[in-house]
Amino acid sequence: FFMPFASRGGVFPIGKTPAREAKGMKKCIVISDSFKGSLPSRDICAIACKRIPLFFPACEVRALNMADGGEGTVDCFLASCGGERVLVSGVQNPYGEPIDAAYGLLPDGTAVIEMAAAAGLPLVAGRKNPCVTTTYGVGQLIADALARGARRIVLGLGGSATNDGGCGCAAALGVRFYDADGQSFVPVGDTLGRIARIDTAEAEALLRSVEITVMCDVTNPLYGPTGAAYVFAPQKGADAEKVKSLDAGLRHFGDVIRSQ
C-alpha cells in the first residue's frame, strides 16, 4: 500500500515514510478504482480511512469512490451523490437467461446504469462467447428507469461480455432490425451481417426528451485493426477466426447505419 506525498512528490510504503514527511502531512486524499477481482472501491476507501490514521494520527483522510464505467460505477455514484439502488427481476443476462440486476437512481432523478450489471464478463464465467451474447438486458434496465420517470441516463460501458454493437440494448428499447427477407430479429455478434434495415421509430418516441450520457474510457473505432472486435473480443472468448467474422459484422452494421 503506497501513498504519494505532495510535500516532496515522493512515494513511500506506509509505515516506512521518513519522519519529516509524516510530521508535515496534513491531509491524505484517497481516490481509488476497484482492484479487479479483489476489492471494490468502497472497501478500499474504508480500509484507507481506518488504517492510515494509525500511522499518521494528525492527518485528515478524505476518501472518494471512483470507477471507470465498469463494475462498481453505480456504487460510486450512490456513495457520492446519495440515492437508491433499484433491483430489477427477470433481466436477461448475456445468454438471455433471467437474472436480478440493479442500477442507481440519484436524488435528482438521474439513473446510473452499468452495462456490466446485465451484460458483464462475470456473468459468463467459464462460457465466454461474444458471437452469441446479447446486451438486451442493458436495454431492459434503461426501460425500467424510464418507466420510473428518469429522464437522464448515465450508462457505463465497461466490462461487457458482448460484441453485438449494442443491438440487443436497442431492441429492448424498441428498435427493430430486419433481414433481407423482412424478418425481424435481435442481432448478436454472429448475425450482425444479416441486418438489412433498421426501424427506430418506436425507440425515438420512447427516448424523446431523454438525455443519455455514455461513460467510456477508450477511443477505439467500431471496426478495423483497432476496433471493438480486434481489441476486445479476444478477452471475451473469441479466437482469431471469430474476431475476423465479428469485425466483418460490425463493419456491415456500420454501413447499414450510414446508409439509413
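This is a predicted model: local features need pLDDT of at least 70, side-chain atom pairs count only at pLDDT 80 or more; totals for chains, interfaces and linings use all residues.
Close-up 1. Just after α3, Gly82 adopts a positive phi of about 80°. The helix itself spans residues 73-81, and its buried residues are Thr73, Val74, Cys76 and Leu78. Among the elements that cover these buried residues are α2 (41-55) and the strands β4 (60-65), β5 (84-92), β6 (98-105), β7 (111-114) and β12 (211-215).

**Close-up 2. Ser209 in the loop between α7 and β12.** The loop that holds Ser209 runs between α7 (201-206) and β12. Phi of Ser209 is positive, near 70°, although the residue is not a glycine. Ser209 has a relative accessibility of 61% and therefore counts as exposed, the cut-off being over 50%.

**Close-up 3. Helix α9 and its buried residues.** From its first C-alpha to its last, α9 reaches 29 Å over 20 residues, close to the 28 Å expected at 1.5 Å a residue. At the start of the helix, the backbone nitrogen of Glu241 has a side-chain oxygen of Asp239 within 3.3 Å. The buried residues of α9 are Val243, Leu246, Asp247, Gly249, Leu250, Phe253, Gly254 and Val256. An α-helix has 3.6 residues a turn, so residues three or four places apart point the same way. The cover over the buried residues of α9 includes α6, β9 (176-178), β11 (197-199) and α8 (228-232).

**Close-up 4. Val243 and its contacts.** Val243 lies in helix α9. Its relative accessible area is 5%, so Val243 counts as buried, the cut-off being under 20%. Apart from neighbours within four places in sequence, Val243 is in contact with Ala229, Tyr230, Ala233, Pro234 and Ala238. Gly69 is 174 residues away from Val243 along the chain, and 24 Å separates the C-alpha atoms of the two.

**Close-up 5. The second largest pocket and its lining.** The volume of the second largest pocket is about 220 Å³. Two elements give two or more residues to the lining of this pocket, namely α6 (167-172) and α9 (240-259). The lining consists of Gly165, Gly166, Cys167, Ala170, Val175, Phe177, Ile198, Thr200, Phe253, Ile257 and Gln260.

Key. Residues are numbered from 1 along each chain as its sequence is written. Side-chain values use heavy atoms; hydrogens and water are left out. On a 1 Å grid over the protein atoms alone, a cavity is a set of points where a 1.4 Å probe fits but cannot get out, and a pocket is an open set with protein on both sides within 12 Å along at least five of seven lines; lining residues have an atom within 4 Å of a point. Grid points are joined across faces, edges and corners, and a volume is the space filled by probe spheres set on the points. Helices (H or I, at least four residues) and strands (E, at least two) are DSSP runs, numbered from the N terminus. The expected span of a helix is 1.5 Å times one less than its number of residues. Buried means under 20% relative accessible area, exposed over 50%, partly exposed in between (1.4 Å probe, protein chains only). Contact means heavy atoms within 4.5 Å. A polar contact is a pair of N or O atoms within 3.5 Å; within protein, one must be able to donate a hydrogen and the other to accept it, and residues adjacent in sequence count only if both atoms are side-chain atoms.
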